Amino acid sequence: MTAPSPTAERGHEKITLSRDLGLFTITMIGVGGMIGAGIFVLTGIAAGVAGPALVLAFLLNGFVTSLTAMAYAELGSAFPEAGGGYLWVKDALGGTQGFLAGWMSWFAHAVAGSLYALTFGRFATELIIMAGLPTYGLSVRHMTLGFMTLIIALFTYINYRGASETGAVGNIVTLTKVVILAVFIFFGFLAMTRSDAWVVRFTTGFMPNGFVSVLVAMGLTFIAFEGYEIIAQSGEEVIDPKRNVPRAIFISIAITVTIYVLVGIAAVGSITPPDGMAAYEYLGLKREVAIVEVARQTFPLGLGGVILLLSGLASTMSALNATTYSSSRVSFAMGRDHNLPEAFARIHPKRRTPHWAVIFSGLLMGLMGWSLPIEDVAASADIMFLMLFLQVNLAVMIMRHQRPDLERGFKIPWFPVIPVVAILANAFLAIHLFSFSAIAWYAGIAWVVIGLLAYYAHFSKIEAMEKPKEILLEEVLISRDYSVLVPVANDEQARILGQIGAILAWAHNGEVLALHVARVPPQLTLGEGRIFLKEGRAYLDEVIKQAKAREVPVHTIIRLGRNVAEAVRKTALENASDLIVLGWPGYTNTSGKLFGSVIDPIVDNPPTDVAVVRYRERRPVRAVLVPVAGGPNSRRAVKMAVDMAQAGDEGPAKVTLLHVHPPQAHNGYMIRAQQELNYIQEGIDYPLIETRFVAGTNIADAVIENSKGYDLIVVGATDEPLFKNLLVGTLPERIARRASVTVVMVKRRSGPLHAFVRQALLPPTKPKPLD
């Protein structure tokens, strides 16, 4: 297959990888990544912990794995690029979280590769000893490290050669391993038919050490279920990724879990322990060679031990191949995002592979294998995998909210229940691993700290310099603590919102941040969006004119963006704005939106306090009406009304707080209503405030009927329950649509918990038809 032209942008050049991996090849990469050293080394140890319930631990791990696999399937089919979880987390959660995802993923895969290479070296050494071949005075450890170095070098070279060669070799190795394990299962089950002992083992004392031991076994063996994510990381080289990535993920997990469960049953059911010892205890005693002992007992001609060692060699090679491939693709993606040195992003001119990323990943594997206690560091890699999976589940939830129109080859069912359960399960297993290896947690924390120091000291600055410049123009005269953000898209908005923004900034001795977002169509790069610079300048000049009348300083920005709402949100967060003033003409041309494609996403989850202005014909402000129902938004509405009234055209204007009560309201209700009005006015020193109580069966009708003689209405948004999204509520919307004067709808910023729930758990708010 002809490789496309180079996916990191350098100037106008793009660096991409060739697409030549089919469904069978990437499925084998996933199977090879999962069936590695874990099934051989950890089965005996886990059986000693959980007993025959080892099989249950395998099934539960398969369930937990499948939950996160759904997130990988959805995002992998939507973003078929090298880097996988690193890129998704970076896109959804931001640069620092994205860097951490890649940093942890690269380290975790490299350390897992070291574990597989060390296991290969140990098995190869065992074979030489069994065969009686000369060792030339070398110790077992030195021979193990020597074989480890050779196998890492071999698979570094194979991955350097290219994905086709990588896939072809990986297919052969993985198929060999699966066949040998199938033979192991066959002879194990055959041995079980010769005796009824296996029935007793699985029906009596199935969980000898309680359910907690099953959880421990899950933690011990979880690394054996990592590997499917490699499929998503290879998306840039997969043929038809929207279809093949999800299918390969689920097929590889189904194959792996089936093999693990059958191997567990065969191991516990077929082994013959010494007298007085339970089968699971004997497996635990044999530890990493337990499977070899089972094969020695069950295979004919006494060849089982040798065959299983050969299978172990094949398994560790296929897993090493997969982790070398994966770690290099993650580091390649980080390199082209300038989160690692530029060399990681270079593509070999002939092989079309990220050759330096492959080489550096191989060196990291070798370094870890030679210098560190691999068992504890492998456990810390396990922790980082779990943290990465947690981040990916958060990313898929946020992407559903932020990018609902994204084309997905697979969508998680029962959303968001499955990602939430996956997050809780991954966090639980990660925390539980502390009891297994505290050193693993310390090592993981140390690696994260090193990464963060490198990111903030160097890579974040390089990343920022290399990004396309979103801000075309920025002018700051005087910086003030209080900032009113006024996004404008036309002359009318600039005039009306500029005036209101200037009044509100003046009331707080603040500044106006005038923003125009130039929306760049998909067919243009952000850099080419500079052609829109001229059209935005006139709108900002109008805001400056309105602010100058109040002697309020103006900070102006023209920004490029694909999504105007996200650009406004970014600007508010980057400049710590205290209030956003948005303009609504009373209608929208966007189907399925209440206020429009820009206002709805911002008001749905406000990054700061928001005022939506339903503007009408300009009239002097002599009286302001504030319908109140209690709550934080009503209090904000009263404060804003006072700010507007103080700047009345003919001197300070009066402010009327209007409470609509049921016609037959009892005394207790009226007392509580008065107390609420008193609370709302606490700390507001304005002598021209009055309160009115009117009876009415329909609040909106009552407000409209009593709005005659007022020049402005300010109303607070309806307060939201935690797990329900409202834009501003039907009452403020009804008032805004029906009133003959300008209406300002006020909503407070989202708190951290509300922001998370709205961003990750709740779907975007959809308008309901008004009666």
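Is Asp711 buried or exposed? In this predicted model, Asp711 is buried, with a relative accessible area of 7%. Asp711 forms a salt bridge with Arg619, and the closest N and O atoms are 3.3 Å apart. Asp711 sits in the loop between α25 and β12, and Arg619 in the loop between β8 and β9, so the pair ties together parts that are 92 residues apart in sequence. Arg619 is partly exposed, at 33%.

Twelve salt bridges were counted. One of them joins the side chains of Arg636 and Asp609 at 3.2 Å, N to O. This pair links distant parts of the chain: Arg636 lies in helix α23, Asp609 in strand β8, 27 residues apart. Asp609 is buried at 16% relative accessibility, whereas Arg636 is partly exposed at 29%. Glu74, Arg400 and Arg408 are linked in a network of salt bridges.

Helix α20 spans residues 533-548 and contains Gln546. Within helix α20, Asp541 and Arg537 are four residues apart, or about one helical turn. Their side chains meet in a salt bridge of 3.2 Å, N to O. Gln546 is buried, with a relative accessible area of 14%. The Gln546 side chain makes a polar contact with that of Glu542 at 2.9 Å.

The largest nonpolar core has 143 residues, of which Tyr72, Phe184 and Ile249 touch the most other members. Helix α5 supplies the largest share of this core, 18 residues. A second, separate core of 50 residues includes Ile496, Tyr539, Val581 and Val626. Contacts of Tyr72 include Trp88, Tyr228, Ile249 and Phe389.

Methods:
Residues are numbered from 1 along each chain as its sequence is written. This is a predicted model: local features need pLDDT of at least 70, side-chain atom pairs count only at pLDDT 80 or more; totals for chains, interfaces and linings use all residues. Side-chain values use heavy atoms; hydrogens and water are left out. Helices (H or I, at least four residues) and strands (E, at least two) are DSSP runs, numbered from the N terminus. Buried means under 20% relative accessible area, exposed over 50%, partly exposed in between (1.4 Å probe, protein chains only). A polar contact is a pair of N or O atoms within 3.5 Å; within protein, one must be able to donate a hydrogen and the other to accept it, and residues adjacent in sequence count only if both atoms are side-chain atoms. A nonpolar core is a set of buried Ala, Val, Leu, Ile, Met, Phe, Trp, Tyr and Cys residues joined through side-chain atoms within 4.5 Å. Contact means heavy atoms within 4.5 Å. A salt bridge is a side-chain nitrogen of Lys or Arg within 4 Å of a carboxyl oxygen of Asp or Glu. Lists of a residue's contacts leave out its neighbours within four places in sequence.
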